[in-house]
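Dear colleague,

Please find below the structure that I am handing over to you. My notes on what was found in it follow directly after.

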Amino acid sequence: MPTIPYYDWIAHHAGRRPRQLAIHDLHTGRKISYAALDERIGRLTSALAARGIARGDRIALLAPNCAEYFELQFACGRLGAIMLPLNWRLTVPELEYILGDSSPKLLIHDRSFAPQATALSASLLEIDHDRADSAYERALAEAGPPPAAVPLTHDDIGMVMYTSGTTGHPKGAIITHGMVFWNCVNLGIPALITPETVQLVVLPLFHTGGLNCYANPVLHAGGTIVIMRNFDPGQALDCISDSALGITHFFAVPAPYQFMMQHPKFQAADLSRLRIAGVGGAPCALPILETWIARGVPLVQGWGMTETSPAGTMLDAADAIRKVGSAGKAMMHTAIRVIDDEGRDVPAGGIGELLIKGPNITPGYWNNEAATAKSFTDGWLHTGDAARLDEEGFVYIVDRWKDMYISGGENVYPAEVENVLFQIPAVADAAIIGVPNERWGEVGMAVIVRKPDQPLAEGDVIQHCLGRLAKFKVPQSVAFVDALPRNATGKVLKRELRVQFVGRDAPSIS
Ligand SMILES: Nc1ncnc2c1ncn2[C@@H]1O[C@H](COP(=O)(O)OP(=O)(O)OP(=O)(O)O)[C@@H](O)[C@H]1O
């Protein structure tokens with residue numbers, strides 16, 4: 001394959017539509033045009049070069065959602081450096097592990113994370129949005145003319161994104177410039193992303209869901225992203241309703257949709273300007289999809305992972321109601337398969353492991369050849385997800401293999417049971433885990449958050465499931481909790497529930 005040169009699309013748009021709004025940062029109130037963004041990226045490039053950052057060097061970023069993510073991403077593109085966005089939920093020892101693995105030359109951090117940053121052995125540069133003379137702003141103000149851009153190709157590494165390490169140490173997924181580009185193409189076209197797109201970004205930007213769904217595709221198209229520092233359901237509904245902001249696109253994992261639909265502002269919110277509301281990243285219970293359809297917003301489901309940067313499959317908007325529950329078909333330029341334990345393709349209707357191939361797929365893990373070798377067969381990435389295809393080739397994500405459990409010899413996929421729990425009006429939030437049982441090996445336990453002032457007992461939950469689910473899928477016990485543990489993106493942390501209720505994280509399948 002010929003090598004494709006890296007192309008800087010911020011510089012491109014700055015040259016064509018300099019006054020077009022690129023980023024509106026709600027927290028700081030800053031509105032940054034493409035020309036201003038291009039200029040700041042140039043200054044940051046120069047400031048980083050003056051600090052000795054060169055091709056191949058890593059630069060870590062520890063910050064809540066802010067415009068600086070994109071300044072660093074594109075400055076790295078001009079220098080040939082590698083951006084390392086860090087999960088701010090991690091503890092200092094966890095961050096220390098990642099920095100030890102990736103050895104960045106510089107850690108740029110927001111002032112709110114100063115305690116963590118100063119505890120880490122790294123050279124620091126501080127962002128402080130409350131001070132015009134923060135170290136970061138001073139570095140930009142004092143920067144000399146930017147150095148000539150380093151010629152890069154699509155094969156060069158643009159970022160390393162560490163997964164949260166569900167089953168051991170975190171792994172750094174290598175993200176090349178080509179992967180980010182192909183994700184922009186693959187996602188931008190079916191998600192109807194154009195220069196007129198205005199997207200509200202609520203997921204954390206250190207995660208692929210925030211950075212690449214759809215923020216990078218929107219900047220690639222020359223549209224506008226509106227960044228929320230931290231997700232707040234009421235504020236998100238206000239923003240979507242606000243005609244001055246003109247939000248056309250929204251993307252989230254299921255939890256923000258769930259919290260928005262439970263918010264008092266939901267029924268009166270003006271959702272009419274939304275052209276595409278995408279959901280993915282975790283199983284989305286049917287009652288959530290149906291509630292949004294009833295408000296006139298069919299959620300367009302997609303499936304993806306950090307390693308697929310991230311769009312892997314997507315449901316076309318035209319099929320969002322007809323195929324509700326499906327994650328659609330493979331994106332453009334990609335292919336998927338569902339295989340059994342022997343590596344054979346599973347016929348329509350059967351459940352197997354989802355595999356994916358395409359130019360948006362990672363070439364492997366940073367500094368971890370063993371993990372890379374384990375994850376690929378003949379160029380196909382093993383996703384660790386259970387899936388099935390229907391007769392028309394639409395994919396249904398059943399669950400993660402590692403969250404599946406076996407009851408009396410039968411596989412139980414928690415997402416299917418959670419769907420049934422969400423039908424109970426008094427249920428605000430729900431998750432299923434497998435717990436050990438002498439007779440059946442494992443049985444399901446429902447962990448439920450009740451809506452305020454709505455009585456619900458264990459017997460009511462089990463009664464609701466009987467008749468709606470085969471007996472082996474019906475949870476045998478129910479724990480009521482105040483909130484489910486979630487990661488920074490909003491995904492339920494099943495491993496924490498297993499540790500809490502089983503005493504260890506012991507999935508049946510790993
Ligand atoms: N539409 C979807 N339906 C069900 N599950 C999904 C969907 N989209 C993504 N997922 C799940 O999210 C996974 C990808 O997760 P991602 O790469 O974002 O890391 P993470 O969940 O944040 O952390 P980690 O995997 O490191 O614990 C997929 O492998 C799949 O299990």
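The end C-alpha atoms of residues 416-491 lie 16 Å apart, and this span is 18% helix and 33% strand. Helices (H or I, at least four residues) and strands (E, at least two) are DSSP runs, numbered from the N terminus. UniProt, in an unreviewed entry, places the feature "domain: AMP-binding enzyme C-terminal" at residues 416-491; its positions are given in the numbering used here, feature names are shortened, and annotations may be inferred rather than shown by experiment.

Please note that this is a predicted model: local features need pLDDT of at least 70, side-chain atom pairs count only at pLDDT 80 or more, and totals for chains, interfaces and linings use all residues. Residues are numbered from 1 along each chain as its sequence is written.

Why is strand β5 (residues 106-110) largely enclosed by the rest of the structure? It is so because 5 of its 5 residues are buried (20 or more other C-beta atoms within 10 Å of a residue's own; exposed means 12 or fewer, partly exposed in between; C-beta atoms are placed from the backbone). Leu 106, Ile 108 and Asp 110 point one way from β5, while Leu 107 and His 109 point the other way. Strand β3 (residues 58-62) runs parallel to β5 and is joined to it by 4 bridges; two strands pair if DSSP finds at least two bridges between them. Within this pairing, Leu 61 has Ile 108 as its bridge partner. β5 also pairs in the parallel sense with strand β6 (residues 124-127), over 4 bridges, and there His 109 stands opposite Glu 126.

Not counting residues up to four places away in sequence, Leu 421 touches Val 427, Ala 430, Ala 446, Ile 448 and Val 461 (contact means C-beta atoms, placed from the backbone, within 7 Å).

Finally, an open sheet of 9 strands has mixed pairing and the order β2-β1-β10-β9-β11-β12-β13-β14-β15. Its edge strands, β2 (31-33) and β15 (329-330), each pair on one side only. Inside the sheet, β1 (residues 21-25) and β10 (residues 224-227) pair in the parallel sense over 3 bridges, and His 24 stands opposite Val 226.

With kind regards

Terms used: Contact = placed C-beta atoms within 7 Å.
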